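Q: I have a new model open on my screen and would like to learn how to read it. Could you walk me through its features, one at a time?

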Amino acid sequence: MIEPASESVPAPLPATLYPLADSIGAVSLVQHVGSDKMIANAARVSFGGDSDAPLSKRDEKLIGYLLRERHGSPFEHNLITFKVVCPIFVDRQMVRHRVGVSKNEISGRYVEVAERVYIPSQFRQQAKSNRQASTEADERLDQDAAAGLYRSAWESAYAAYQGLLALGVTREQARGVLPQALYTESYYTFNVRSLLHFLGLRDHDGAQYETRLFARAMGELAEPLFPVTFAAWRSLDEQHSA
Ligand SMILES: Cc1cc2nc3c(=O)[nH]c(=O)nc-3n(C[C@H](O)[C@H](O)[C@H](O)COP(=O)(O)OP(=O)(O)OC[C@H]3O[C@@H](n4cnc5c(N)ncnc54)[C@H](O)[C@@H]3O)c2cc1C
């Protein structure tokens, strides 16, 4: 179904967000296809009711109904592509999302890995109640000592990487000494269904703080493109957590 022109022109967007506030880690909106209207049309085609009329209140109600009743397929006829520059440990969590997600990543076999490292501004402590989680550190954690160790570890790892390259070792082997705090960069393409699933798991208290910041940035960039769907999804989430 062809969208009316006014439907397909999105509101101006902040194209790039910097989740870690270090001017390296970034989420950029690269492109998108589709709209709330397309989601309603994909559902309405079941009974020959799709149209190129502007999004109506009935369409909005339908989108809420589809989300509530978990009719997922109408949310798949669209795409949103992000460029994500994130620490390798964040990317390792993102790449676990397999369904409705496409990814292409910079290759450490083709190019020399750049010296771009994520340095936490604050170190956290291991949570007591949840073995995966972290909590804000108390005064027993020596922030300066942690920062010093962290820095010397990646500096020495990166120096070893460059030393190996200088000796003539291939990039694909030399990268084996590099730490997970180094940045990697990828294009990620989601559809709205897979993005909402991803956000439900990763923009969540249980997710790692840094990964959550990246997920939240992706949600912020996508929300103005599918405002009705996001509003319905967020209200569903609030009802569940109420
Ligand atoms: C807080 C948190 C902690 C985590 N901790 C760990 C951990 O310690 N170790 C670890 O290995 N992983 C961990 N994960 C990753 C997690 O197990 C999932 O791999 C990841 O969240 C992707 O979710 P998903 O499989 O639902 O997404 P997708 O891969 O995108 O799949 C989407 C949905 O498709 C269906 N689906 C996909 N594949 C299959 C299949 N093979 N068979 C049947 N149905 C399928 C499921 O309904 C699934 O929910 C963690 C995730 C979170 C959010």
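A: Gladly, and let's begin with domains, whose bounds come from an automatic or database domain assignment. Here the chain is divided into domain 1 (5–109 + 183–241) and domain 2 (126–177). The centres of domain 1 and domain 2, taken over C-alpha atoms, are separated by 32 Å. Please keep in mind that this is a predicted model, where local features need pLDDT of at least 70, side-chain atom pairs count only at pLDDT 80 or more, and totals for chains, interfaces and linings use all residues. Residues are numbered from 1 along each chain as its sequence is written.

Q: How many helices and strands are there in the chain?

A: Helices (H or I, at least four residues) and strands (E, at least two) are DSSP runs, numbered from the N terminus. The chain has 9 helices and 7 strands.

Q: Which residues of α7 and α8 meet?

A: Two residues are in contact if their C-beta atoms, placed from the backbone, lie within 7 Å. By that test, Leu195, Phe198, Leu199 and Arg202 in α7 meet Thr211, Arg212, Ala215, Gly219 and Ala222 in α8. By class, this contact has 5 nonpolar, 2 polar and 2 charged residues; Ala, Val, Leu, Ile, Met, Phe, Trp, Tyr, Cys and Pro count as nonpolar, Asp, Glu, Lys and Arg as charged, and the others, Gly among them, as polar.

Q: Which residues are around the ligand?

A: A residue is near a molecule if its C-beta atom, placed from the backbone, lies within 6 Å of it. The residues around the ligand are Arg96, His97, Arg98, Val99, Gln132, Ser194, His197, Leu201, Arg202, Gly206 and Ala207. This shell divides into 3 nonpolar, 5 polar and 3 charged residues.

Q: What is the phi of Ala21, and is Ala21 buried or exposed?

A: Most residues other than glycine have a negative phi. Ala21, though not a glycine, has a positive phi near 55 degrees. Ala21 sits in the loop between β1 (16–17) and β2 (26–33). A residue is buried if 20 or more other C-beta atoms lie within 10 Å of its own, exposed if 12 or fewer, and partly exposed in between, with C-beta atoms placed from the backbone. Ala21 is exposed, with 9 other C-beta atoms within 10 Å.

Q: Where is Arg70?

A: Arg70 lies in the loop between α3 (57–68) and β3 (79–87). Arg70 has a positive phi of about 60 degrees and is exposed, with 6 other C-beta atoms within 10 Å.
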